[in-house]
Amino acid sequence: MRPRFRGLRATGIRETADSRLAHDNRGARAGAGGPRYPGWLVLPAVAWHVLFFLVPLGFIVATSFGTVVGFSDIAYTWSLDNYRYLWDDVVGELHIYRDIFFATFKLSIIGTLSTLVIGFPLAYYIARYAKHKTLLLLLVIVPFWTSFLIRAYAWLIVLDPEFPLFRALGLSDFVERQGILFSEKAIYIGVAYNYLPLMVLPLYAALERMDWSLVDAAQDLGDSPLRAFRRVTLPLALPGILAGSLLVFIPLTGEYIIPVILGGNKTFYAGSLIAQQFLESGDWPLGSAIAMVVIGALTIVLLVYARALGKQEQFG
Amino acid sequence: MSDELTIWERPVHRRGFVAGATAAALTAAGLGRFGAADALAAAEAEGTLFYYNWAQYVNPKTYAAFTKATGIKVKKGFYDSNETLAAKLRGGARGYDLVCPTGYMTKELISEKRLLPLDWSQLGNVTKNVDPKFRRTSDDPKGTYSVVKDWGTTGFMYRTDKIKERPTTWKEFVALTKKYSKTTMVDSSPEVVGSIATMLGYSYNTENKKELDQVKKVLLDLKPHIVALHSSNYDTLIAKGQAWMGLGWNGDGLALAGKVPAQYVVAREGGEIWIDYYNIPAGASNPDAAHAWINFVYQPRIAGLETSYTYYGSPLKRSLLKGTPAGKLLADKVVFPPAATVKKLETNQVSANGKRLRERIWTEFKAS
């Protein structure tokens, strides 16, 4: 789509084009120039948002201040008991819930970093060097056509010491000793595998747009390849890195299928904790309160992210 | 041998992994609360039974025979815990015609008015063939809402080829768990907490805070030695040799012993005896089809077919099971434990408060 320019002069032209675009945008916002759209076009989006986001969120908020009566009935008592229970745990000696929240944070961070480390070279290769970009991208996307659940279950077979390949190579005992299946290691493997496309695609989108002649120019002017990467490629890829990290990090905070299937269901994360309250314990108020804590924590992360993005845009 | 068993193998158990998978998938898709039943109910034509059940809890031959005999098609859904089923019904799911909760959950659902009263005029085979002692139980004293489907025990099973000991008590089970670190358990607080309580000499249903604290202590000590907590495929793990012992249900234990050298044990200290019931939820679309199913499976031949598949006790009069595929199981002490064994077992009778205390213990156990 985007024209490729060569050399420094061309970059100058590109900047002009960009600033013209920016000018057009300003015009549209000010109501002058550019096509104008009737305001009611936003209604479906707003209705969707209210109906499927704000209303359910309202229910969760209301439920989180409720109490369980009998086995399962919820009384909307507007009490702070659930939050107090969580708070007492967090500052208390046992701090089970605090540990779960930390474990969740750790899982999300490690998951994000590992997909970034694995995904970046892949996206870089596809965007810069690959001949059959479409084919390679397709291969990244194809696993998505299979159910998330089945992809997680598939690892049960692969990580099993009795996996035919291990047996053929005589590795069964070695794998057995590693004790991967039903451990944290298995969870991290499952996470890295299942979330990789969410990281690769935005990275690719950012790198694909890049004008590689800028890297050439930096090296022509004396930068080492590494320095050129750090000063040119990385800043230009940053939007992709941030977008990919967000796409991986946020769903990971609610992840619970992989720990159940690959972790043997004996390690708790926020997602499994919430599912447990709703599906097993029948304690929707406590489950809602935990969900609110997670939403609150995520909001903080998002604010930090927004700041980082804002800074990035100033320089980018 | 375990080498030949693979993950693809059909797991024979009451609470199969399909169920966990289904529940997880639906929840993942955001459909957990209402989606499944509603979506299917919408497509439901007359003459379809939506049977929501534990996985691997019906002989596949029975489905075919039922459709052939009545013309009613069966739509299947699966759950892997009573609590998941209850969460669906409490969340307002409609369209399930027939469900099979355990006694304590049937009792809760009755008290919450989530079940339809049965029309006994459509259940001639039940009246005729079911042992009278199963017609009235403490869970539903007048038999208004429920018919006994199966009954069984909660104990433990172990691989006789991997473990040289021959444990018969919960104490030994706990000791061997610490010794080998090869134990799985069902992912269900009532069974695990209750069983450990009986080990300590308390009631299966204890609500005493001090007693439950001791149970918690035992459980937290055990945690590092647990391979996995799955109501779904815990027995598959034992069959594959990834675990050597498991806390679970008798039918699973016997099915396991049919595949690998294994033994199921009702612990000497005691444990749970449970009864699963046929219930028709208040939101059922086709209660007539549900009645037809219940009546159909209480023909002796079909009941025998079921028992020979699930390995759980049938409520039918014993004499009627002779000459059916279940005939040879009548003498099996795992399927039909002797009266002396049954006497020391308790049914789950935990109150709402006791349940909350147990759930907190369970959360700590799983999180530790």
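Helices (H or I, at least four residues) and strands (E, at least two) are DSSP runs, numbered from the N terminus. The structure is a predicted model, in which local features need pLDDT of at least 70, side-chain atom pairs count only at pLDDT 80 or more, and totals for chains, interfaces and linings use all residues. Residues are numbered from 1 along each chain as its sequence is written, while chains are lettered from A and ligands numbered from 1 in the order in which they are written.

**Exercise 1.** Describe the side of chain A that touches chain B.

Solution. Step 1: two residues are in contact if their C-beta atoms, placed from the backbone, lie within 7 Å. Step 2: 29 residues from chain A and 28 residues from chain B take part in the contact. Step 3: on the side of chain A, the elements giving two or more residues are helix H4 (96-128), helix H6 (148-159), H12 and helix H13 (270-281). Step 4: H13(A) gives the most, with six residues. Step 5: Ala, Val, Leu, Ile, Met, Phe, Trp, Tyr, Cys and Pro count as nonpolar, Asp, Glu, Lys and Arg as charged, and the others, Gly among them, as polar. By this division, the side of chain A that touches chain B has 15 nonpolar, eight polar and six charged residues.

**Exercise 2.** Work out the order of the strands in the open sheet of chain B, and what packs on the sheet.

Solution. Step 1: two strands pair if DSSP finds at least two bridges between them. Step 2: the three strands run in the order E2-E1-E3 (chain B), with parallel pairing. Step 3: E2 (73-79) and E3 (98-99) of chain B each have a single partner strand, so they stand at the edges and one side of each lacks a neighbour in the sheet. Step 4: E1(B), residues 48-54, pairs with E2(B) over seven bridges. Step 5: helix H12 of chain B (residues 287-297) packs on the sheet and touches E1 and E3 of chain B. Step 6: B:Phe50 stands opposite B:Lys75 in E2(B). The chain passes from E1(B) through helix H3 (residues 60-70) of chain B to E2(B) in a right-handed β-α-β crossover (with the strands pointing away from the viewer, the path from the first strand over the helix to the second runs clockwise).

**Exercise 3.** Explain why helix H13 (residues 300-310) of chain B is described as largely enclosed.

Solution. Step 1: nine of the eleven residues of H13(B) are buried, so the helix is largely enclosed by the rest of the structure. Step 2: the buried residues include B:Pro300, B:Leu305 and B:Tyr309. Step 3: the packing partners of the buried residues include H3, strand E4 (147-159) and helix H11 (250-257) of chain B.

Conventions
Axes are lines fitted to C-alpha atoms, for helices over the stretch in contact, and angles run from 0 to 180 degrees between N-to-C directions. A residue is buried if 20 or more other C-beta atoms lie within 10 Å of its own, exposed if 12 or fewer, and partly exposed in between; C-beta atoms are placed from the backbone.
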